[in-house]
Amino acid sequence: MPDFQINPTAAALLGLLHEGAMTGGQLMAAAERRLGPYWSMTRSQVYRELPVLAEMGYVRLGKPGPRSSQPYAITASGKRAFSRWLAEAPGRDALRNPVALRVAFGQQHSGDQLQELYSTANQYHSEAMGMAKEQAKEAKKNGDQYGAAALEFAVAYHKAALTWLKAVPTE
């Protein structure tokens, strides 16, 4: 079977499956735990990619478990595809910030709307930064220097967002 190029979501799933076989729900939980601070993945993306990866021969299905849960395991071909993906240029960031988009249309907001927008964003970024700091600390403690480095990106992102929120126009 020929090898096919994979997208970042598929690559993330293959990367997570290096830890062992997992069901879609377990993959979703692992993605949220390990990647969530800096990479978002939806349940629909996970369940859309798994059959495609199986069809490509990159994962194999295990024996169904309770409530028809279906475990997936990475194959040798999947490991090769993941290694090729790691060697590819990552491409450009896809920057999509919903707060910045709303700020761009700030003239159409009322002052109260802007204050609520900023307050909510401030709270979110403060909490997310705190959680990412804790996760990075835990990763370092467990000897996962690469996981810690990725989590430090999330910390820096939230810190930058908080700095930016202090400077946005309020009227």
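A nonpolar core is a set of buried Ala, Val, Leu, Ile, Met, Phe, Trp, Tyr and Cys residues joined through side-chain atoms within 4.5 Å. Buried means under 20% relative accessible area, exposed means over 50%, and partly exposed lies in between (1.4 Å probe, protein chains only).

The model is predicted: local features need pLDDT of at least 70, side-chain atom pairs count only at pLDDT 80 or more, and totals for chains, interfaces and linings use all residues. Residues are numbered from 1 along each chain as its sequence is written, and side-chain values use heavy atoms, with hydrogens and water left out.

Start with the largest nonpolar core. It has 25 residues. Leu14, Leu27 and Leu53 have the most contacts inside it. The elements that give this core two or more residues are α1 (8-17), α2 (24-34), α3 (43-56), β2 (72-74) and α4 (76-87). The largest share of the core comes from α1, with seven residues.

Now look at Leu53. Which residues does Leu53 touch, not counting residues up to four places away in sequence? Leu53 touches Ile6, Ala10, Leu13, Leu14, Tyr58 and Val59. Contact means heavy atoms within 4.5 Å. A second, separate core has eight residues, including Val103, Tyr118, Leu165 and Val168.

Turn next to charge. Side chains of opposite charge can pair when their charged atoms come close. A salt bridge is a side-chain nitrogen of Lys or Arg within 4 Å of a carboxyl oxygen of Asp or Glu. How many salt bridges does a search of the whole structure find? The search finds two.

One joins Glu19 and Arg34, with the closest N and O atoms 2.3 Å apart. Glu19 lies in the loop between α1 and α2, and Arg34 lies in helix α2, so the pair ties together parts 15 residues apart in sequence. Glu19 is partly exposed at 45%. Arg34 is partly exposed at 34%.

The other joins Glu152 and Lys140, with the closest N and O atoms 3.3 Å apart. Glu152 sits in helix α7 (residues 145-167) and Lys140 in helix α6 (residues 111-141), so this pair ties together parts 12 residues apart in sequence. Glu152 is partly exposed at 34%, while Lys140 counts as exposed at 53%.

Finish with His125, in helix α6. Is His125 buried or exposed? His125 is buried, with a relative accessible area of 5%. Not counting residues up to four places away in sequence, His125 touches Tyr157, His158, Ala161, Leu162 and Leu165.

Definitions and conventions:
Helix = DSSP H or I, 4+ residues; strand = E, 2+ residues; numbered from the N terminus.
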